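Open your viewer and get ready to click along. We will go from stop to stop, selecting something at each one and looking at what is there.

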Number of protein chains: 2
Amino acid sequence: MKELHKEKKMPKATAKRLPLYLRYLKMLGDSGVTRIKSKEFSDVIQVPPATIRRDFSHLGELGRSGYGYDVPYLIDVFSHILNTQEEKRIALIGCGNLGKALVKNNFRRNENLNIVCAFDSSEAIVGLSIDDIVIQPMEKLKEEVEKTGVTVAISTVPSQYAQEAIDKIVDAGITAILNFAPDRVTVPNNVNVQYIDLTTELQTLIYFDETFTGNRA
Amino acid sequence: MKELHKEKKMPKATAKRLPLYLRYLKMLGDSGVTRIKSKEFSDVIQVPPATIRRDFSHLGELGRSGYGYDVPYLIDVFSHILNTQEEKRIALIGCGNLGKALVKNNFRRNENLNIVCAFDSSEAIVGLSIDDIVIQPMEKLKEEVEKTGVTVAISTVPSQYAQEAIDKIVDAGITAILNFAPDRVTVPNNVNVQYIDLTTELQTLIYFDETFTGNRA
């Protein structure tokens, strides 16, 4: 991806649109779309075609006139750009089965994403280890975040306790939270929560399978 | 949600748009939008406002004239409709840490979603149990799917082996697959694959946190 040396010159306004572009491109790719023109893409994401072409031009030669853009290639390039170039230290909150699996997998696809500490409110498991990470009590979170330079948290705390856990995460100074409990939590404006809702993903898959594709309909 | 008795009278064309509506409403909700008019929603999803109003009218009184629609309420209603009303039996393929966590959690939020069998290609773990489910060899998949009425598969098989695993899942007659390996696999047209890409979700969260919100920028 030789184009990526241009990344540093990208205007901030362009940078801000990248996650939007990537998200829609993935939806298009998932629907089997392999190629798209700026006008068509504009219709989908409601950004003017000229803006799309200008944004993409900052990233190098991504398309050909009259042909449009190659969707899988754009996904590759944008994924690469969104890929953080510096280490991000992550705290895991909630050390049940899912939490353990996350620590053990530890984002192997990206060496810059590292879960470095783990917390749980249950006295029964505080002090136990997942691989080489010792589970600490929630009361230690703020201190540990300051000590280790953690900037990101992943919460696997169940919905009924999620708000309480998120409040402690926010209080510890963390502004980026990946939340595996799908119920929406309340956070200050400067805090970003991304939800992973596996039940809804599965339900939507089944609904598509039966309604769109007509399997077992 | 008294409106839901009208669900059965919903035209198929409306039903087909529900996952699209829900997906975009969640994106809007995640961006802090709490209320939207049909015209604005139309601009986002490229469905004519009259179609949106007609679709929504099949679902009961979801909006008020001049006020628009309440986004969290619509998310609730649509999530409820997409929620399958009959039991779906699920096969888990790949019994590493993540697979184990999925079996143990087993979609507790929805009693109709049940992981009933588990498979792995590693002889070392075939025969072991996760809770009361015995891990079976991949060669048993087709037979077991037919015997137990499984219609959905979840694959946690790593990317480099995912295509091989997906081929066996498809061969077993399953058409709905939730895939935790983000690299795209090839499947026949009647098979639906939904990807869960935790690394990209985390990267996008971090990117938003730094670029949009200006934290640590």
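Before the first stop, one term: a residue is buried when its relative accessible area is under 20%, exposed when it is over 50%, and partly exposed in between (1.4 Å probe, protein chains only). What you have open is a predicted model, where local features need pLDDT of at least 70, side-chain atom pairs count only at pLDDT 80 or more, and totals for chains, interfaces and linings use all residues. Residues are numbered from 1 along each chain as its sequence is written, chains are lettered from A and ligands numbered from 1 in the order in which they are written, and side-chain values use heavy atoms, with hydrogens and water left out.

**Stop 1: the domains**

Colour residues 12-81 of chain A as domain 1 and 88-200 as domain 2; these bounds come from an automatic or database domain assignment. The C-alpha centres of the two domains lie 33 Å apart.

**Stop 2: a listed binding site**

Now select A:Gly94, A:Cys95, A:Gly96, A:Asn97, A:Leu98 and A:Gly99, which an unreviewed UniProt entry lists under "binding site". UniProt positions are given in the numbering used here, feature names are shortened, and annotations may be inferred rather than shown by experiment.

Zoom in on A:Cys95, in the loop between β4 (88-93) and α5. Helices (H or I, at least four residues) and strands (E, at least two) are DSSP runs, numbered from the N terminus. Is A:Cys95 buried or exposed? A:Cys95 counts as buried because its relative accessibility is 2%. Beyond its neighbours within four places in sequence, its contacts (heavy atoms within 4.5 Å) include A:Phe119, A:Ile130 and A:Thr156.

Next, click A:Gly99 in helix α5, buried at 0% relative accessible area. Setting aside residues up to four places away in sequence, A:Gly99 touches A:Leu92, A:Gly94 and A:Thr156.

**Stop 3: salt bridges**

A salt bridge here is a side-chain nitrogen of Lys or Arg within 4 Å of a carboxyl oxygen of Asp or Glu. How many salt bridges are there over all chains? The count comes to 14.

Show the side chains of A:Lys104 and A:Asp131, which form a salt bridge at 3.2 Å, N to O. This pair links distant parts of the chain, 27 residues apart: A:Lys104 is in helix α5 (residues 97-105), and A:Asp131 is in the loop between β6 (129-130) and β7 (133-137).

Finish with A:Lys147 and A:Glu144, whose closest N and O atoms are 3.5 Å apart in a salt bridge. Both sit in helix α6, three residues apart, about one turn of the helix. A:Lys147 is exposed at 61% relative accessibility, while A:Glu144 is buried at 11%.
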